Amino acid sequence: MVVLILILLGLAISWIGACAIWPFAACKSCGGTGKSPSPTKKAWRLCGSCEGKGRRVRVGRRIYERGLGIDEKKRK
Ligand SMILES: [Zn+2]
């Protein structure tokens with residue numbers, strides 16, 4: 001049982017490390033395009049979820065920053 005916990009802990013640390021190096025993933029709402037198309041597909045507006053950036057910060061990156069004590073407001 002202890003071995004299983006150690007394996008899971010190792011995987012979690014690896015995942016957080018990967019999120020630290022590659023902090024962004026494609027926005028779930030627009031799929032990374034940053035656009036929210038109209039029903040006709042001819043017009044579009046900026047995606048509301050990512051504000052047109054087409055990206056989102058991965059959950060592991062937030063955990064990593066919280067662990068380091070990085071203030072998200074100060075970074076901007
Ligand atoms: Zn988006």
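Two residues are in contact if their C-beta atoms, placed from the backbone, lie within 7 Å. By that rule, among contacts between residues at least 6 apart in sequence, 46% join residues at least 24 apart. The model shown is predicted.

Figure 1. The order along the sequence is α-β-β-β-β-α-α. The C-alpha atoms fill a box of roughly 55 × 30 × 15 Å along the principal axes. The radius of gyration is 17 Å, whereas a compact globule of 76 residues would have one near 11 Å. Buried residues account for 8% of the 76 residues.

**Figure 2. Helix α1, residues 2–21.** The helix has 20 residues. From first C-alpha to last, α1 reaches 29 Å, close to the 28 Å expected at 1.5 Å a residue. The number of buried residues in α1 is 1, so the helix lies largely in the open.

**Figure 3. Leu11, a residue of helix α1.** Is Leu11 buried or exposed? Leu11 counts as exposed, because it has 10 C-beta neighbours inside 10 Å and the cut-off for exposed is 12 or fewer. Ser49 is 38 residues from Leu11 in sequence. In space, the two C-alpha atoms are 29 Å apart.

**Figure 4. The crossing of α1 and α2.** Two packed helices are described by the angle between their axes and the distance between the axes. Here, the axes of α1 and α2 (residues 59–68) come within 8 Å and cross at roughly 95°. That makes the two helices roughly perpendicular. Which residues of α1 meet α2? They are Trp15, Ile16, Cys19 and Ala20. Their partners in α2 are Gly60, Arg61, Ile63 and Tyr64. The residues of this contact divide into 6 nonpolar, 1 polar and 1 charged.

**Figure 5. Lys41, in the loop between β2 and β3.** Strand β2 covers 35–37, and strand β3 covers 44–46. Lys41 is not a glycine, yet its phi is positive, at about 70°. The residue is exposed, with 7 other C-beta atoms within 10 Å.

**Figure 6. Glu51, in the loop between β3 and β4.** Strand β4 spans 55–57. What is the phi of Glu51? The angle is positive, about 55°, although Glu51 is not a glycine. Glu51 is exposed, with 10 other C-beta atoms within 10 Å.

How values were computed: Residues are numbered from 1 along each chain as its sequence is written. This is a predicted model: local features need pLDDT of at least 70, side-chain atom pairs count only at pLDDT 80 or more; totals for chains, interfaces and linings use all residues. Helices (H or I, at least four residues) and strands (E, at least two) are DSSP runs, numbered from the N terminus. A residue is buried if 20 or more other C-beta atoms lie within 10 Å of its own, exposed if 12 or fewer, and partly exposed in between; C-beta atoms are placed from the backbone. The radius of gyration is taken over C-alpha atoms; the globule rule is 2.2 Å times the number of residues to the power 0.38. Axes are lines fitted to C-alpha atoms, for helices over the stretch in contact, and angles run from 0 to 180 degrees between N-to-C directions. Angles under 35 degrees count as roughly parallel, over 145 as roughly antiparallel, 65 to 115 as roughly perpendicular and the rest as oblique. Ala, Val, Leu, Ile, Met, Phe, Trp, Tyr, Cys and Pro count as nonpolar, Asp, Glu, Lys and Arg as charged, and the others, Gly among them, as polar. The expected span of a helix is 1.5 Å times one less than its number of residues.
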